[in-house]
Number of protein chains: 2
Amino acid sequence: MSPPLRVGVAGLGTVGAGVLTLLAANADVVAARAGRPIVVSAVSARDRNRDRGVSLAGLRWHDDPVALAADPNVDVVVELIGGADGPARALVEAALAAGRPVVTANKAMLAVHGAELARAAEAAGVALAFEAAVAGGIPVIKAVREGLAGNRISRISGILNGTCNYILTRMRAEGRDFAEILGDAQRLGYAEADPSFDIDGIDAAHKLAILAALAFGRPVAFGAVHVEGIRGISARDIAFAGELGYRIKLLGLAHATPDGISARVYPALLAEDAPLARVDGVYNAVVTEGDFVGRLMLEGRGAGAGPTASAVVADLIDLARGRATPVWGAAAGALSDAPSVPIAAHVGCYYLRLMVVDRPGVIADVAAVLRDHGVSLESMLQRGRAPGETVAVVLVTHETRESAMRGALDRIAALDAVLEPPTMLRIEAG
Amino acid sequence: MSPPLRVGVAGLGTVGAGVLTLLAANADVVAARAGRPIVVSAVSARDRNRDRGVSLAGLRWHDDPVALAADPNVDVVVELIGGADGPARALVEAALAAGRPVVTANKAMLAVHGAELARAAEAAGVALAFEAAVAGGIPVIKAVREGLAGNRISRISGILNGTCNYILTRMRAEGRDFAEILGDAQRLGYAEADPSFDIDGIDAAHKLAILAALAFGRPVAFGAVHVEGIRGISARDIAFAGELGYRIKLLGLAHATPDGISARVYPALLAEDAPLARVDGVYNAVVTEGDFVGRLMLEGRGAGAGPTASAVVADLIDLARGRATPVWGAAAGALSDAPSVPIAAHVGCYYLRLMVVDRPGVIADVAAVLRDHGVSLESMLQRGRAPGETVAVVLVTHETRESAMRGALDRIAALDAVLEPPTMLRIEAG
């Protein structure tokens with residue numbers, strides 16, 4: 001058997017400890033599949049004395065993670081610090097510059113600096129692997145970048161944030177509102193103390209930017225992803241959507257249009273029998289559509305120490321076996337330069353909920369505005385009657401352009417009888 | 001860009017023509033992802049003059065497929081002839097012996113001769129790739145062998161035969177019997193003129209044998225798979241199962257027990273909310289359970305020219321990039337020698353349907369036999385009363401050992417009041 005692959009791990013939080021645990025617990029199967037042992041030789045973290053439930057005996061300790069890049073006992077750097085910049089980026093850049101391959105779970109860094117880091121990896125001729133950056137344990141990077149490599153992919157979509165999916169699943173099951181369930185999720189450890197990164201859709205957008213780059217063979221373009229989170233979703237909208245045969249999910253969606261790539265993250269209505277509609281709780285899932293393979297769906301655990309460690313170690317085994325793939329699926333020079341399409345050009349069906357004064361003529365006014373903007377209605381739903389009081393009215397449109405929809409919404413919001421900012425959600429096929 | 005990878009394709013049926021079509025239609029994306037063009041240089045098939053809808057202009061034609069192994073213009077042999085033996089096996093053996101890598105979609109050959117072929121590939125130091133052999137376009141070989149390589153897998157199961165799933169899906173939707181739907185499926189091209197390979201479970205068993213070898217890291221052992229097909233499934237059983245909250249699916253299942261690996265293919269009852277229960281029509285799906293990754297499910301098109309070509313080309317791209325993995329996930333010397341467990345040792349819950357004479361004492365007799373064999377009942381269902389006539393009685397057992405169940409069944413079948421051979425189906429978690 002070949003000499004061991006020696007790994008330097010930067011960041012010993014939940015995932016870092018998980019990687020050490022996996023490599024110890026499954027050393028035999030890992031060595032068989034890698035063709036050589038994979039051993040941790042050095043680590044770096046902020047607090048040398050914290051108990052992480054794993055033994056660090058015999059490992060070199062670096063207070064400065066960047067020092068791992070130069071440690072002669074490290075063949076591969078595993079970056080699990082997180083954050084798009086700061087020490088994570090400094091370490092990865094230093095490692096690549098030193099000709100050391102890197103394995104990372106850092107979606108923010110990949111999404112924001114991935115094009116540049118890919119060029120650095122390509123120039124150095126070393127691997128920059130990141131299976132753990134998207135959808136945790138689901139081997140979706142490998143599936144899209146290698147397994148579907150013969151296909152022109154027309155569409156990729158997914159449930160990419162377990163926190164949001166957990167919150168929306170519970171809101172629906174219990175009929176409770178966002179703030180209540182978020183509080184519960186925080187107490188139970190399913191949401192962070194500062195949850196904005198997850199619930200505002202940023203985390204999902206990082207992952208979607210990565211998936212879209214792989215699916216469409218172009219450099220990652222995080223700035224081109226339109227992002228909306230789930231703070232505005234109410235139990236009322238989930239209930240109305242249910243009456244109409246839909247579930248509300250935070251989706252990442254990217255598809256190829258004649259004008260370029262459309263990529264966006266937002267809560268959307270999905271028909272109840274769409275594959276992604278059934279993915280509940282903390283599970284993640286990704287659906288792709290390729291010209292030869294057709295529809296493929298992958299579903300599994302999107303976060304947590306075990307699933308993320310599984311993905312990190314899969315990358316390490318690839319490295320140990322000498323299996324390498326360009327960061328974005330092709331060399332920088334062979335990537336597509338397809339432009340990004342702005343959300344204003346999006347075409348689809350929309351769900352609108354208005355809170356209006358229940359009096360004659362209101363619906364006629366709303367309908368007239370929609371007509372003036374070329375938006376045609378598929379259905380209208382009003383529950384209960386309360387003359388002179390506030391009632392909810394739900395409208396579902398036929399396919400329309402987002403710019404037209406927004407124009408209409410601005411005018412609808414300005415109507416006297418419309419009492420709150422309207423809620424607008426897109427309807428997606430999944 | 002590096003020189004092209006030159007491919008010799010043996011077998012120009014639906015899948016062979018699909019591979020030629022894909023490589024022509026997606027030549028640009030394939031070259032970008034492979035780092036070099038992938039071109040077909042030579043072909044072999046039985047009939048030189050048949051119109052296959054693809055151009056063979058400029059390709060060398062070999063009447064004898066084995067000649068592809070020696071063609072100096074062929075870098076990789078793609079075997080799409082099929083059949084465990086005969087020309088397919090002769091070609092693969094000749095190619096490996098000549099130091100040529102092989103890509104094949106041949107599940108029968110892999111399942112029956114895969115241990116030996118893996119040794120030949122290892123001795124020659126060349127790849128034997130077979131993503132297309134299992135579940136068509138779903139990159140399940142790559143997912144299990146590489147993506148989950150850090151895990152100890154405890155269980156793998158799947159819907160592995162689209163013909164059977166199509167038939168069972170339609171039987172349930174239409175309440176019609178097996179023979180009728182099979183006839184329809186044959187007319188529509190979803191079942192072969194001689195359907196026995198599919199409906200008797202052999203095809204699914206080939207695929208399960210391959211998946212089990214990868215999941216548990218041991219040489220493939222087709223002979224150890226217990227196989228039952230779907231000929232005995234009636235509309236009546238599907239309806240009874242539905243009343244009890246189950247669907248009937250042809251499943252391939254393998255799991256690790258303390259005594260070794262249990263691998264079997266049979267129609268089984270799955271709870272309606274189990275992930276595999278919702279996979280309908282010609283879709284295939286595979287569920288794995290790994291110690292770190294947890295549950296992962298992959299679902300997609302399991303057959304057809306496009307999906308199968310997608311898998312073949314993914315293997316070719318791996319080869320073009322120099323990505324290689326031992327056939328069974330580890331070198332022959334590093335594989336496990338875990339024994340196989342016979343079906344008699346299976347422990348689970350069972351569904352029994354008996355056709356009995358409706359007279360006092362019959363149920364008591366049946367219950368006494370079950371008690372004598374240590375089989376305890378969870379529920380009993382009888383629909384309708386017809387004194388002196390034949391009625392169906394459905395029994396669901398608690399967990400019991402298959403050997404006990406079979407002993408009891410032999411005695412039940414011999415009871416005077418039991419008029420047809422009993423139907424026994426296992427209940428699985430999915």
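Visitor: Which residue is the bridge partner of A10(B) in β2(B)?
Guide: The partner of A10(B) in β2(B) is S44(B). Please keep in mind that this is a predicted model, in which local features need pLDDT of at least 70, side-chain atom pairs count only at pLDDT 80 or more, and totals for chains, interfaces and linings use all residues. Residues are numbered from 1 along each chain as its sequence is written, while chains are lettered from A and ligands numbered from 1 in the order in which they are written.

Visitor: And how many bridges are there between β1 and β2 of chain B?
Guide: Strand β1 (residues 5–10) and strand β2 (residues 38–44) of chain B are joined in the parallel sense over six bridges. Two strands pair if DSSP finds at least two bridges between them, and the element names come from DSSP runs, numbered from the N terminus, with helices being H or I of at least four residues and strands E of at least two.

Visitor: What order do the strands of that sheet come in?
Guide: In chain B, six strands make an open sheet with parallel pairing, and the order is β3-β2-β1-β4-β5-β6. Its edge strands are β3 (60–62) and β6 (128–129) of chain B, each of which pairs on one side only. Helix α11 (residues 305–321) of chain B packs on this sheet, where α11 touches β1, β2, β4 (76–79), β5 (102–104) and β6 of chain B, and its direction makes about 145° with that of β1(B). Here a contact is a pair of residues whose C-beta atoms, placed from the backbone, lie within 7 Å, and axes are lines fitted to C-alpha atoms, for helices over the stretch in contact, with angles running from 0 to 180 degrees between N-to-C directions.

Visitor: Over to chain A, then: what strand order does its sheet have?
Guide: The open sheet of chain A has six strands with parallel pairing, in the order β3-β2-β1-β4-β5-β6. At its edges stand β3 (60–62) and β6 (128–129) of chain A, each with a single partner strand, so one side of each has no neighbour in the sheet. Within that sheet, V7(A) stands opposite V40(A) in β2(A).

Visitor: How many residues do the two chains bring to their contact?
Guide: There are 46 residues of chain A in contact with 46 residues of chain B. On the chain A side, the elements that give two or more residues are α2 (27–34), α5 (140–147), β12 (294–301) and α11 (305–321) of chain A, and α11(A) supplies the largest share, nine residues. That side has 22 nonpolar, 14 polar and ten charged residues, where Ala, Val, Leu, Ile, Met, Phe, Trp, Tyr, Cys and Pro count as nonpolar, Asp, Glu, Lys and Arg as charged, and the others, Gly among them, as polar.

Visitor: Do strands join across it in a parallel or antiparallel way, say β12(A) with β12 of chain B?
Guide: They run antiparallel, with five bridges joining β12(A) to strand β12 (residues 294–301) of chain B, and E299(A) stands opposite M297(B) in β12(B).

Visitor: What rotation superposes chain A on chain B?
Guide: A rotation of 180°, with 0.0 Å of shift along its axis, superposes them with an RMSD of 0.1 Å, and the two copies are thus related as by a two-fold rotation axis. The superposition is by least squares on the C-alpha atoms of residues with pLDDT of at least 70 in both copies. The copies meet through the same surface, because 100% of the interface residues of chain A are also interface residues in chain B.

Visitor: Changing topic, at what angle do α3 and α4 of chain B pack?
Guide: Helix α3 (residues 86–97) and helix α4 (residues 107–124) of chain B pack at about 15°, with their axes 9 Å apart. They are therefore roughly parallel to each other, given that angles under 35 degrees count as roughly parallel, over 145 as roughly antiparallel, 65 to 115 as roughly perpendicular and the rest as oblique. Their contact has nine nonpolar, one polar and two charged residues.

Visitor: And how do the axes of α12 and α13 of chain A cross?
Guide: The axes of helix α12 (residues 362–372) and helix α13 (residues 402–413) of chain A come within 9 Å and cross at roughly 150°, and the two helices are therefore roughly antiparallel. The contact is made by V366(A), V369(A) and L370(A) of α12(A) together with A408(A), R411(A) and I412(A) of α13(A).
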